[in-house]
Amino acid sequence: MCGRRRVPMARGTSIRSAGTGPEARGPEMVEGSGQRRARQTAQAHGDVTQVAGDMHVHPAPVQGRPSVEWPVLVGDVPRLAAAFQPRTRIRKKVGAARDGGRDVVLSGPGGVGKSQLAASLARELRDQERSGGGDLDVLVWVRATGIDQVISAYAEAASRLQLPGVSADDEGRAARLFLRWLTAAERRWLVVLDDVTNPTAVQQWWPDSGAGRGWVLATSRREDARLSGQDRALVRIGLYTDSEARTYLKRRLADAGHAHLHDPARAGEMAAELGHLPLALGHAAAYLINKRPTMAGYLTLLRDASKRLGDLLPASADTEDYGRPVTASLLLSLEAVEEADTSQLARPLLHLASLMDPLGHPATTWTTPQALDHLRTARPPQRRLLRKHYPAVTETEVRNVLEFLRTYALITQDIATAPLRMHALTARAVRETIPPRTLPATARTAANAITSLWPRHDHEERELAALLRANVVHLDQLTRPALWQPTTHPSIFRASRSLTEAGLYQQAIEYNETTSDLSKSIHGPDHPDTLGARSNLAVSYSDAGRIQDALDLRERVLADCERVLGPDHPATLTAVHNLANSYRDAGQVQDALDLTERVLAHRERILGPDHPDTLSTRNNLANSYSAAGRVQDALDLRERVLADCERVLGPDHPATLDARNNLANSYSDAGQVQDALDLRKRVLADYERILGPDHPATLTARNNLANSYSDAGQVQDALDLRKRVLADCKQILGPDHFSTLTARNNLANSYSDAGQVQDALDLRKRVLADCKQILGPDHPATLTARNSLAVSYSDAGQVQDALDLRKRVLADYERILGPDHPATLTARNNLANSYSDAGQVQDALDLTERVLADYERILGPDHPATLSTRNNLANFYSDAGQVQDALDLTERVLADYERILGPDHPATLTARHNLAASYSDAGQVQDALDLTERVLADRERILGPDHPDTLTARHNLALAREAAATAQRPDAATPSTAPDRQPPSDTPEQLA
């Protein structure tokens, strides 16, 4: 090689001697067949000289020496396996390298078919040269696992070539003579170095094919840089593709006369279970041929972790004479690693890695303190004064050993930061070497290491969190019950929380149902871990919108906690707290309120008034007050909670930030629009400063600020901010996360507020489709999206579409949440609005009277939703021409709002506005004018001069003045204009 440009060996053409300069274009001298034979014989005996490009042949005297028998074949080229797959993609890479004059090294782990492919290429080249008229004169196939094998093969070739100076007593000299002959020979030759295990040692015995008349093909499990040096091409051979694996199984069984054993529906599963490893597929096919099980039956055996690979892929199935059992072949490189590894960490590290997901685990797993401490005692101890000594393991030692394992292809890693991977069958073979007595400790060490890597917030490193979840599940399945005894390992519960944080609610249900059943069978139904697992399952039910399932399970969990742990145990109080949340979700507002007050009393008595859990419960009680319509009670309590959190936890504690956010919500509920806006600006700034701009709580705060902009009439600010929130959610949480769906829905609301009716309609259609696909057709968020789409139909003037959809929404709510759930009452109210839009005034009136009765019965006469419905009923009385009924009810509504929410609440201003309209309808023109003037003044003072409601009031005042002026003229007719009535409450719901 030595830096010379390599000339590709032409296929099917003669090879000419090349001079040092360009090839001359002149008359060719044609060599006769006799001359050619004489020249080749002389060259074989070394009697050749070359001057200035001319070849001079000096025939040697015969002296009785027998002639060389061509071609010279040394070593046995393996026969091709049955149903051999040509690996077309890899062959193209090899062909391109050979055409470029480069030697090729086929690299890959054990069992991927390196030697088979090399044999196929060697046979193809031999047969191709013969058929093309240009002989392949020398073919040497040598097992290169040891240098002595290489030397012996080369010496045999030298002997067969009858090279001068060859002696049977000196194989080394004979081998070197053979290498020199290869460098100068005009004969075509191929040397195959199969299974190179020591690239450094084989380097000096690597033939020089720079003259272009020969080629070296090697195979190795290693990927050392030395193998790809000196312009060699390193071609990696991986597993079969799915298509190759399926084709192999089908053809192998058919060729053996057992085509009936091939099951197309199971072939892909079988290939995947065997990791698409050619060696394993060959043994498995032979097992099917020998024992005749169905593919389904064999898969059952293969998936049984108690079965050993030696039984499933036995030596008797080695029909292709690979020479080793599958397990031995997979672990062959381990011996070489252990020889080179002075730290004695290779085997303990492999034991840990074999428990991980074959798709990969973090490269930093084994340099965690938990892993290092385990490895310290897992390797053989040193002796000091007859005592065992376990020196500390360093991160450098671990990285060095991992590099050994990568070099010998026992593990793979694409780049330094990529996950580590181990083939599933290699991992299974390694696991079979783990002593049973050490397996539980090894498994829990792996779980400890995984848990230590978990990010504080999953959104910060979503890919890492997903990788860790997969490894917890895989580790548990392989080693069960190691992670459950003596108690449940924290990683089991951490994976559950991670699924919830990722918004994978259905997967969380499946996972938590499994863990609940396992905990019950391992620990018993009353063990605290079992109660915790069932509580997590209830959370998953709630997140997935299965409100009744969550409520029923939480009632059972609470009863069990009270019976097993006692009424004052912290876990019992947590169960009470969770049940209160379910009551609130189910619309059982008073039950939630009563239960939360009970939890607060218990925690104040047991934990004290300033314990963080007590503060959290006090906040939840404020939430219950808000849900019950007790706006002022909620506001007062949230002010206290914030003061307590600032005093006890500090102003920047996450719980303090949450309390500040909740107080802003109460300001909004109380109609203190500017206070809510100012506080939400501060809350967002705090979240961004303390938790960072991408934290989920920060995204929520940003969305809430958009709500305040909307309440304050800053429509464009709200729209711009909601666009940003949606972009942030998609980037940080993913396009299908629940919070992303929420952001998309809220952006549609802003489009609607901004008058972009078609944009709102289009986006709400998409939101509904996403909710149905991701959350299911019956999730509460899907029902909300359906209701919001009906609002957009109404805004777009598609009255019948809105009416039809609202009928369906109401039927869904009644079926899923029940006839008395607050969301069902809202759906009933919205249907009444659609009846009114469609001109079905009496239907609207009748349905609204029912809705009002329901609200008064379920939520009470003073709940804000009840007041809103009473206002809507007054509007429908007006539409029906029942002017006096409308006037009387509107006066009551205003009095109620002033009494309950205060004279300056936006809803109170709306009621005052509607009363002015009722005065106008009743002909009380001056009363209407006076009240409209007050409404305008109030809105300018409270909402500002540019708020949309203020602009409406200004417009209505102009109409009222015109009506009053007309009424004062003696000949005036009935005024044709009157103040616009505030429309019935029909705003789209927020998803969150």
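This is a predicted model: local features need pLDDT of at least 70, side-chain atom pairs count only at pLDDT 80 or more; totals for chains, interfaces and linings use all residues.

Mentor: Residues are numbered from 1 along each chain as its sequence is written, and side-chain values use heavy atoms, with hydrogens and water left out.

Trainee: How many helices and strands are there in the protein chain?
Mentor: Both are DSSP runs numbered from the N terminus, helices being H or I with at least four residues and strands E with at least two. Counted that way, the protein chain has 42 helices and 10 strands.

Trainee: How far apart are the end C-alpha atoms of helix α2?
Mentor: The expected span is 1.5 Å times one less than the number of residues. For the 12 residues of α2 (residues 88-99) that should give 16 Å, and the ends agree, being apart by 16 Å.

Trainee: Which residues of α2 are buried, and which are exposed on the face turned away from them?
Mentor: Buried means under 20% relative accessible area, exposed over 50% and partly exposed in between, with a 1.4 Å probe and protein chains only. I90, R91, V94, G95, A97 and R98 are the buried ones. The face turned away from the buried side carries the exposed R89, K92 and A96.

Trainee: What is the strand order of the open sheet of 6 strands?
Mentor: Two strands pair if DSSP finds at least two bridges between them. The pairing here is parallel, and the order is β3-β5-β6-β7-β4-β8. The edge strands, each pairing on one side only, are β3 (72-74) and β8 (233-236).

Trainee: Which residue in β5 is the bridge partner of V74?
Mentor: β3 and β5 (residues 138-143) pair in the parallel sense over 3 bridges. In β5, the partner of V74 is V140.

Trainee: Which residues have the most contacts inside the largest nonpolar core?
Mentor: A nonpolar core is a set of buried Ala, Val, Leu, Ile, Met, Phe, Trp, Tyr and Cys residues joined through side-chain atoms within 4.5 Å. The largest has 112 residues, and those with the most contacts inside it are Y687, L775 and Y813.
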